[in-house]
Each structure stands twice: as C-alpha cells, then as structure tokens.
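Subject: Structure handover

Hi there,

Here is the structure I promised to pass on. Have a look at it first, and my notes follow below.

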Amino acid sequence: MSEELGATDANEQAVNGSDTSPAIAILSQYVKDLSFENPNAPAVYQWQGQPQIDVQFNIGSQKLGDDVYEVGLKIDVVAKHDNGTAFAVDLLYAGLFGLRNIPEEQLQPFLLAEAPRLLFPFARQIVAESVQNGAFPPLMLDPIDFGALYMQQAAQAQAAGGAGQAPEITGQA
C-alpha cells in the first residue's frame with residue numbers, strides 16, 4: 001500500500017509540475033564585519049593573571065528575496081584586566097539560506113535557532129584565529145544551545161503578550 005501512496009505522490013508532483021516538499025540550502029557564508037582591537041599592546045603582554053572575558057551575542061534575520069534569507073550571528077568578546085582592556089573582538093558572521101516550502105510556524109525557529117547553530121562553528125574559528133593573531137592564546141568559545149535560547153526567549157515574548165516567537169536572540173555565553 002505504501003508503494004501505491006508513493007506512486008500517487010510522484011504522479012501528483014508530475015501533474016502539478018511543482019515540488020512541494022520542504023527544502024533548505026546554505027547558499028553562502030561570509031564575514032560581514034570583523035574588528036580586533038589590542039589597545040594596550042605591547043604592555044598587555046607583561047600583565048600578570050587572567051583577564052575577565054565577556055562574550056555577548058545577537059542573532060537576527062532578514063528576508064532578501066523570494067525564499068532567500070540572511071541570518072547574522074554577531075559575537076562581541078571583551079577581555080578586561082585590572083590594568084585595562086586586553087583585547088576586543090567584534091564579529092558579524094552571516095549566511096544566506098534558501099528556504100522553500102517551509103511552514104510559516106517553522107520559519108522563525110529555523111532562522112533563529114537552527115541556522116545560527118550551523119554558522120557558529122565557523123564564527124567560533126574566526127574568533128579563535130583573530131585572538132591568536134593578536135598574540136594571545138586562541139579563545140575557543142563554548143558551544144551555544146541556540147534552540148534552548150530560542151525557546152526561552154519565545155516563552156518570554158509569549159508571557160509579555162507577544163505572539164510567542166522571539167524576534168531576535170541575544171545572550172551571553
């Protein structure tokens with residue numbers, strides 16, 4: 001019986017001339033903005049002790065055209081020491097995603113939870129290399145559970161009287 005259903009689905013697609021199955025593709029990934037600051041060099045290399053590292057991130061998305069969305073993952077890292085700022089990294093890493101036949105209720109969760117999860121390993125590597133190129137040990141950011149953050153912020157938006165979806169995701173790592 002399942003073979004008959006599969007044949008019927010294939011026939012409907014052939015008759016209708018369109019593929020209605022959901023499809024997602026990463027079209028491109030790129031550094032949109034990158035800044036590394038080492039304001040106290042060379043004195044910073046003589047400082048004793050570990051700096052306090054503050055990591056902030058923000059996720060946003062925008063529709064660029066039919067079935068094409070840009071998702072941006074912004075990561076800001078500041079390393080502070082008693083003597084001043086050791087370094088600061090600001091990265092905006094983005095990706096273009098082609099989305100076809102995705103149900104409306106699944107669009108925002110994909111753009112604000114799954115897409116950043118796909119972009120994060122590449123952004124993490126860029127941050128690590130930037131810090132290392134500043135003559136510091138590479139900074140390996142801890143993994144971020146974007147799905148849990150999305151669910152948390154969507155619940156907060158719903159409690160505040162919103163539609164139950166997070167318009168963007170912000171947080172600390």
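Let me begin with Tyr45, which counts as partly exposed because its relative accessibility is 36% (buried means under 20% relative accessible area, exposed over 50% and partly exposed in between, with a 1.4 Å probe and protein chains only). Tyr45 sits in the loop between β1 (23-37) and β2; helices (H or I, at least four residues) and strands (E, at least two) are DSSP runs, numbered from the N terminus. Leaving aside neighbours within four places in sequence, Tyr45 is in contact with Asn38, Gly134, Ala135 and Phe136, where contact means heavy atoms within 4.5 Å. Tyr45 and Ala135 are 90 residues apart along the chain, yet 8.5 Å separates their C-alpha atoms.

Before going further, a word on the model: it is predicted, local features need pLDDT of at least 70, side-chain atom pairs count only at pLDDT 80 or more, and totals for chains, interfaces and linings use all residues. Residues are numbered from 1 along each chain as its sequence is written, and side-chain values use heavy atoms, with hydrogens and water left out.

On the overall fold, the chain has three helices and five strands, in the order α-β-β-β-β-α-α-β along the sequence. Of its 173 residues, 34% are buried. Among contacts between residues at least 6 apart in sequence, 68% join residues at least 24 apart.

What holds the middle of my notes is the largest nonpolar core, with 38 residues (a set of buried Ala, Val, Leu, Ile, Met, Phe, Trp, Tyr and Cys residues joined through side-chain atoms within 4.5 Å). The elements giving two or more residues to this core are β2 (52-65), β3 (68-81), β4 (84-100), α2 (104-133) and α3 (146-159). The most come from α2, with 12 residues. Val77 is among the residues with the most contacts inside the core; beyond four places in sequence, Val77 is in contact with residues including Ile53, Phe87, Val127 and Leu141.

Helix α2 also holds Ser130, which counts as buried because its relative accessibility is 11%. Not counting residues up to four places away in sequence, Ser130 touches Leu34 and Phe36.

Hope this is a handy start!

Best wishes
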